[in-house]
Every structure is written in C-alpha cells, then in structure tokens.
Amino acid sequence: MLLGVLALPFLGVMLVWKDRCKRAELQSVASPSGEFTAQQFRVDCGPSMAVATEVRLYKIKDNKLEDNSTVLVLPSDELLDIKWADAQTLTIQLPGRQSQVVKYRREWAGVNIGLIGDVVSSVPKDLESMFN
C-alpha cells in the first residue's frame, strides 16, 4: 500500500510524459557493436512534478535511430554512469545510495540491462506494464 502511495506522483509524470514535458538529452552511449545506443534524458514536466531521468535504448539501422524502449525512469536529474559491459549488456549506476525506480526493464531486444545500486522502491509489475 505504501509503495502505491509513493509511486502515485511519478505515475502522474508518466501519464503526461509525452504531452507537456520538456526533454533534454544528457548523454548518449553507443554499444561496442554500434547496433544500439543508450540515451539519458532529463525530463521536466513543470513545477508541480519532480524532475526525472529517462534512459531509452535505441536500435541503430543505417546510422538512424530506429525501434526504442524506455528502460529506466527515476526521479533524479543526475548524470548517470552508463556503460556497455559487452555488445548485449548495458549497466546503469544509480545515483546515491538508494534510488526510487518508477520504471525498469531488465531486457529489451536481446540486451540485458543491469542496475548498480540500491532500489528502495519501484512501481508494482502490473502498473509497470501500463507504460510499455
């Protein structure tokens, strides 16, 4: 129950994410094979909602960004340490000692996404699926 209450403000962010929020790219990290790139965005939806970080994973085809998926959303605007361990493994260092994660995908398009750090809470799986 407490988890649901904590997640409500961030669910609101997700519902209006594409319409009113300003996105600014903070960094882009290409995979060793060049087949994928991970991009971190700062998302600001105005004074009524917390600034958030979104990490999107993109497939690259003919030097263009193609299919993509949001693989991480958390309330933070810190620059994350994003690294490719190999062509199919992406690691993301969470800010600080504990982080609230709003959305997280462990795998997309054959790429495994690992988080480094402590997650104190996250959206329940049934709610997470609403944003895929």
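Buried, in this talk, means under 20% relative accessible area, exposed means over 50%, and partly exposed lies in between, with a 1.4 Å probe and protein chains only. Strands are DSSP runs of E with at least two residues, and helices are runs of H or I with at least four, both numbered from the N terminus.

Colleagues, the structure above is a predicted model, in which local features need pLDDT of at least 70 and side-chain atom pairs count only at pLDDT 80 or more, while totals for chains, interfaces and linings use all residues. Residues are numbered from 1 along each chain as its sequence is written, and side-chain values use heavy atoms, with hydrogens and water left out.

I begin with strand β3, residues 52-61, which is mostly covered: seven of its ten residues are buried. Which strands does β3 pair with? Pairing here requires that DSSP finds at least two bridges between two strands. Strand β2, residues 36-44, runs antiparallel to β3 and is joined to β3 by eight bridges. Within that pairing, V43 stands opposite A52 of β3. Strand β4, residues 64-74, is likewise antiparallel to β3, again with eight bridges. There, E54 stands opposite V73 of β4. The hairpin of β3 and β4 has two residues between the strands, and D62 takes a positive phi near 55 degrees in this hairpin.

I turn now to charged contacts. A salt bridge is counted when a side-chain nitrogen of Lys or Arg lies within 4 Å of a carboxyl oxygen of Asp or Glu. How many salt bridges does this rule give? The count comes to five.

One of them links R56 and E54, with the closest N and O atoms 3.0 Å apart. R56 is buried, at a relative accessible area of 16%, and E54 is buried as well, at 2%. R23, E54 and R56 are linked in a network of salt bridges.

Another joins R42 to D77, where the closest N and O atoms are 3.6 Å apart. R42 belongs to strand β2 and D77 to the loop between β4 and β5 (81-86), so this pair ties together parts that are 35 residues apart in sequence. R42 is partly exposed at 28% relative accessibility, and D77 is partly exposed at 42%.

Finally, K83 forms a salt bridge with D81, the closest N and O atoms being 3.6 Å apart. K83 is partly exposed, with a relative accessible area of 47%, as is D81, at 38% relative accessibility.
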